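Please keep the sequence and the model at hand while reading.

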Amino acid sequence: MSAAMRDLPTWAFPEPPLKPLTLKKPPATPVQFRLRVDLTGSQPPIWRRLTLPSNMTLDVLHAVLQTSFGWTDSHLHRFALTGDRYARQTQGILTPYDIAEGEEGVLESELRLDQLVAKKGDSLLYTYDFGDDWDHTLKIEEVLPGTDAAVRCIDGRRQGPAEDVGGIHGWERLLAVAAGTMAPDYPEEREIAFEMGLHAFVDEIGLAEINRGLERLAGAQAALISLRQQSNAGDEPSPLVVLLAGLSEQAQRHLAGYLAAAKVEEPVEVGEPEAAAATAVIRAFLEHVGDGIRLTSAGYLPPAHVKVLMRELDIDKRWQGEANREAQTYPLLILRETLTQFGLIRKYRGELRLTKRGAQLRNAPVELWHHVTARLPVESTDYGHDCALLLLLLVAAGEAGEWERTRQSLDLLTSMVGWSFGGRGRYGNESALSDASDTRRVLGWAGTGGLLPPLGMASHGLEADAARRLARAALIIWA
């Protein structure tokens, strides 16, 4: 090349135009694809085996991959042809963000999977988060007959990584530091791993949990449409509509899936026995107050009353201590404060008394149950109220249970909503469950029938039918 040619500006050699995206002709009748999806660079491999309909559009496939690997959909993503990852030869597969940026290509929501892959061995690339570059390879293992629209994860290995950790190598390094098999590069690295909970991390896939997420995803669109219709009706939007309004399309769909699982469109029926069991703790306190209790000069229940109530409500004697001073027996103190918020008891001239409503409801379990559902969440601050609203969503959808699992689930949900508390936990929002603790206790009273969960119960009763029924009824009001 001559010196004169080398000195020409780059615009003198324009890049050739991109080739149109070559699409396959899809089958007249959709089939089933069995895909294996591998996360590039993971050792041992992090992978999922999925069965899904061949006519699935790529925007829905994106949501399926997010659910299957536990991503939060808080970063950009893109599908690409295996031989042209950066779309330098062929027009790209674009997201709405790419379209807004003026890029050239085809919108992912207008492309079916079977227009890009068709037979065993065909593959497609999917990248999530262009900083950490989580690269996934999707490869067809089998083409199966049938038109089942259900999406399932039938196999896989390892949990999906946490986000914003520097990609797969950063993730594997944090796991090694937490396990003590690798020295930290800097002093804070071990602390970061600890704050993310990786010291107790069990790196095993939860197939049942993934498939529940895929089922929620399948019902999410109908729930989302219902919420949007409510928003467009001109009425005052519900707190759930307000909560979802500022989120991305995919985050809205994710939360709407919990609403679908909670079946908020169906009324909740409760009979006398169920209502009596769910309100047993509250009714016991109201019954004890009876015609009134003279409080101490400091405004607390007298020790004799504290002892009687704790004997009745803490059957397994879970509370450590003498349980004779209300100020130092916080479960009982919180119960009294909650019932005051519910408008069932009040202080009057140095006595604790039933309100008129409390006197009416103490022997009417069904009416009392409805009274309680109408006052959930308990939290009065906007921040705590929204955390509790998401907790109700988890419980109503049947996704709450063992304490650690519930904490992690709420950590994830609050992160997807876009909150960042800067605390511990995989997504930094470990404290979210504590901020919803008042509502959690009311659900626990319903689920266990006691002031404190029985010995050996790690779930606090949140997985019980009684807790779920109460949460569903409360959620219907807020939805």
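## Overall build

Among contacts in the chain between residues at least 6 apart in sequence, 67% join residues that are at least 24 apart. The model is a predicted one, and its secondary structure comes to 19 helices and eleven strands. Of the 479 residues of the chain, 49% count as buried, while the C-alpha trace spans about 100 × 55 × 45 Å along its principal axes. The chain exposes about 23,000 Å², and carbon and sulfur atoms supply 51% of that area. The chain carries 50 positive and 64 negative charges, whose mean positions are 5 Å apart.

## The six-stranded sheet

An open sheet is built from six strands in the order β3-β6-β7-β1-β2-β8, with antiparallel pairing. Its edge strands are β3 (77-81) and β8 (152-157), each of which pairs on one side only. On average, and with direction ignored, neighbouring strands of this sheet are turned by 25 degrees against each other. Helix α2 (residues 58-69) packs on the sheet, where it touches β1 (32-39), β2 (47-53), β3, β6 and β7 (134-144), and the direction of α2 makes about 145 degrees with that of β2.

| Strand pair | Bridges | Facing residues |
|---|---|---|
| β3 and β6 (residues 123-128) | five bridges | His77 and Tyr128 |
| β1 and β2 | seven bridges | Leu35 and Leu50 |
| β1 and β7 | eight bridges | Leu39 and His136 |

Strand β7 also holds Glu142, which is partly exposed, with a relative accessible area of 29%. Leaving aside neighbours within four places in sequence, Glu142 is in contact with Gln32, Phe33, Arg34 and Lys120. The C-alpha atom of Glu142 is separated by 56 Å from that of Pro331, a residue 189 places away along the chain.

## The three-stranded sheet

A further open sheet has three strands in the order β9-β11-β10, and here too the pairing is antiparallel. Because β9 (293-294) and β10 (345-348) stand at the edges with a single partner strand each, one side of each is left without a neighbour in the sheet. Strands β9 and β11 (residues 351-354) pair in the antiparallel sense over two bridges, and the bridge partner of Arg294 in β11 is Glu351. Helix α10 packs on this sheet and touches β9, β10 and β11, with its direction making about 120 degrees with that of β11.

## A covered helix

Helix α14 (residues 365-373) is mostly covered, since seven of its nine residues are buried. These buried residues are Pro365, Val366, Leu368, Trp369, His371, Val372 and Thr373. What covers them includes α9 (272-278), α10 (280-289), α13 (356-361), α18 (437-448) and α19 (465-478).

Most residues other than glycine have a negative phi, and most peptide bonds are trans. Where does the model depart from this pattern? The peptide bond from Gln43 to Pro44 is cis, with omega near -10 degrees, and Pro44 lies in the loop between β1 and β2. The peptide bond from Leu376 to Pro377 is likewise cis, with omega near -5 degrees, and Pro377 is found in the loop between α14 and α15 (382-396).

Phi of Asp73 is near 55 degrees, a positive value in a residue other than glycine, and Asp73 belongs to the loop between α2 and β3. Lys317 has a positive phi as well, near 55 degrees, and is placed in the loop between α11 (303-313) and α12 (330-341). Lys317 counts as exposed, because its relative accessibility of 64% is over the limit of 50%.

Key. Residues numbered from 1 in each chain as written. Predicted model: local features only at pLDDT ≥ 70, side-chain atom pairs only at ≥ 80, totals over all residues. Heavy atoms only, no water. Pairing = 2+ DSSP bridges. Helix = DSSP H or I, 4+ residues; strand = E, 2+ residues; numbered from the N terminus. Axes fitted to C-alpha atoms, helices over the stretch in contact; angles between N-to-C directions. Contact = heavy atoms within 4.5 Å. Buried < 20%, exposed > 50% of the residue type's maximum accessible area, 1.4 Å probe, protein only. Areas by Shrake-Rupley, 256 points an atom, 1.4 Å probe, with all protein chains shown as cover. Lys, Arg positive; Asp, Glu negative; His and termini not counted. Charge placed at Lys NZ, Arg CZ, Asp CG, Glu CD.
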